[in-house]
Amino acid sequence: MNAVASRASTFDMRTVVVGAAAVSALSGAALLRAVEPGALWPCAFHAITGLHCPGCGLTRMLHALVHGDMARAWSMNPLAMIALPLLAMMLMQWWLARPLVPARLNRVVHDGRVWIVAMVLFGVLRNLPFAPLAWMAPG
Ligand SMILES: [Zn+2]
């Protein structure tokens, strides 16, 4: 396989992946538009432990987003509200094979340790019941 053919197949594979992600996102949005908030799945971790995991409120956040309620979406899962556009940006960069943001920001968002630390901290802090941190719990 020559360099041109290899590059073309890589581009096609990336386009298929991004297209599948876009179709999945649009399908999920259409599904969430059709259901009532009470019909969403509860978090199994929360049901068992009574604690909020880092993902608690994610489905309700997405439900609020597709209904245009940004404030409610933020109140359900602020970390996911921050992560969602960053993940979309990372996917677009991978698809286009070129950076869309400054290198310094790129290094941070592509560092898995940053995501792990953010999720663990968020998971702990949103369960603390006092005023400066209680806003992180969903609802
Ligand atoms: Zn949860």
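Start with the transmembrane regions: UniProt, in an unreviewed entry, places them at residues 78–96 and 116–137. Such annotations may be inferred rather than shown by experiment, and their positions follow the numbering used here. Residues are numbered from 1 along each chain as its sequence is written. The model is predicted: local features need pLDDT of at least 70, side-chain atom pairs count only at pLDDT 80 or more, and totals for chains, interfaces and linings use all residues.

Select 78–96. The span is 100% helix and 0% strand. Helices are DSSP runs of H or I with at least four residues, strands are E runs of at least two, and both are numbered from the N terminus. This helix is α5, with 19 residues. From first C-alpha to last, α5 reaches 28 Å, close to the 27 Å expected. The expected span is 1.5 Å times one less than the number of residues. After α5 comes A97, with a positive phi near 55°.

Now select 116–137. Its end C-alpha atoms lie 19 Å apart. The span is 64% helix and 0% strand.

Go to α3, residues 58–66. Here 7 of 9 residues are buried (20 or more other C-beta atoms within 10 Å of their own, C-beta atoms being placed from the backbone). Among them are R60 and H63. G68 follows α3, with a positive phi near 75°.

Finally, select L58, M61, L62, A64, A73, M76, L79, A80, F122 and M136, the largest nonpolar core. A nonpolar core joins buried Ala, Val, Leu, Ile, Met, Phe, Trp, Tyr and Cys residues through C-beta atoms within 7 Å. α3 gives the most, with 4 residues.

Methods:
A residue is buried if 20 or more other C-beta atoms lie within 10 Å of its own, exposed if 12 or fewer, and partly exposed in between; C-beta atoms are placed from the backbone.
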